[in-house]
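Open your viewer and get ready to click along.

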Amino acid sequence: MRIKFDQVNKDYGSISALKDFTLDVEPGEFIFIVGHSGAGKSTILKLILNQINPSSGEVMIDDIYLNNGKKEEIDHIRKKIGVIFQDYQLITDKTVEENIGICLDIVEFPKDQILSKIDDVIKKVDLQDRRNLFPAQLSGGELQRAALARALAVEPRIILADEPTGNLDMDNSWNLIKLLKDINENEKTTIIMTTHDMSIIDSLNKRVIKLENGEMMEDKKEIKTEKKAKKNISSKKE
């Protein structure tokens, strides 16, 4: 799915969250969005999710205008977007397996395939022996992997990751980043991740969008030399 922002402005009253923001994201890209608190990072994700509309300008996914597209078109796009949050947002009185199942019900995943899909994504994030536990029984790293499993279950073409390592220690942060990197490379899923962690950004050779007070200050393109990036993330894991 191609994502395009065309001269987007977003105002909250007298506060300008985004100013003349233009961005073109090709299918399968891995992009970091960086900037201080209030720079506009979360606003970008909310616009992609169609949770808010731009004050002016256009947001498009696969040439569908999100602010005035047909409801069935918008619903179809939304079902192809997985989201993981810093605070996990798992349902506390449901097990890991049940959290994933509810998400699959929402997107109307075929009922006869739900259990096998749950098995598949739980295996991908290595939570096989934690699937029947509740969120309160999981560590921070396990919670974030459960949230990633839930996002993967809908077979997303886009994953939005909002500060996903913010509550994790270094080891769990790198475990999550490796999972996201593998998903991006193996399944060609577009990843858009907001973060403050410069060590992660510096160790991956990916495109970086820098925001400041709602304006794009830098668009640092990926350099097509993957060997260095793979070496860096491997050394972090060691």
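Along its principal axes, the C-alpha trace spans about 50 × 45 × 30 Å.

Before you zoom in, note that this is a predicted model, in which local features need pLDDT of at least 70 and side-chain atom pairs count only at pLDDT 80 or more, while totals for chains, interfaces and linings use all residues. Residues are numbered from 1 along each chain as its sequence is written, and side-chain values use heavy atoms, with hydrogens and water left out.

Of the 238 residues, 47% count as buried. Buried means under 20% relative accessible area, exposed over 50%, and partly exposed in between (1.4 Å probe, protein chains only).

**Stop 1: salt bridges**

How many salt bridges does the structure hold? There are 18, each one a side-chain nitrogen of Lys or Arg within 4 Å of a carboxyl oxygen of Asp or Glu.

Select Asp24 and Arg2: they form a salt bridge, with the closest N and O atoms 2.2 Å apart. Asp24 lies in strand β2 (residues 15–25) and Arg2 in the segment before β1 (3–12), so this pair ties together parts that are 22 residues apart in sequence. Asp24 is partly exposed at 26% relative accessibility, and Arg2 is partly exposed at 35%.

Next, pick Asp182 and Lys178, whose salt bridge has its closest N and O atoms 3.0 Å apart. Both residues lie in helix α6 (residues 170–187), four residues apart, about one turn of the helix.

Then try Lys111 and Asp105, which meet in a salt bridge of 3.7 Å, N to O. Lys111 is exposed, with a relative accessible area of 69%, whereas Asp105 is partly exposed at 42%.

To finish this stop, select Lys117, Asp120, Lys124, Glu155 and Glu187 together; salt bridges link them in a network.

**Stop 2: a charged patch**

Select Asp6, Asp20, Glu212 and Glu215, which gather in a patch of negative charge on the surface. Patches are made of residues with over 30% relative accessible area and no salt bridge, with like charges joined within 9 Å. Glu212 sits in strand β9 (residues 207–212) and is partly exposed at 36% relative accessibility.

**Stop 3**

Most residues other than glycine have a negative phi. Go to Tyr88, which has a positive phi of about 70° although it is not a glycine. You will find Tyr88 in the loop between β6 (81–85) and α3 (96–106). Is Tyr88 buried or exposed? Tyr88 is buried, with a relative accessible area of 12%.

Lys188 also has a positive phi, near 60°. Lys188 lies in the loop between α6 and β8 and counts as exposed at 57% relative accessibility.

**Stop 4: a buried threonine**

Finally, select Thr194 in strand β8 (residues 190–194). Thr194 is buried, with a relative accessible area of 0%. Draw a line from Thr194 to Thr165: they are 29 residues apart in sequence and 9.6 Å apart in space, C-alpha to C-alpha.

Notes: Patches are made of residues with over 30% relative accessible area and no salt bridge: like charges are joined within 9 Å, nonpolar side chains (Val, Leu, Ile, Met, Phe, Trp, Tyr) within 5 Å. Accessible areas come from the Shrake-Rupley method with a 1.4 Å probe; for residues, only the protein chains shown count as cover. Lys and Arg count as positive and Asp and Glu as negative; His and the chain ends are not counted. The place of a charge is taken as NZ of Lys, CZ of Arg, CG of Asp or CD of Glu. Helices (H or I, at least four residues) and strands (E, at least two) are DSSP runs, numbered from the N terminus.
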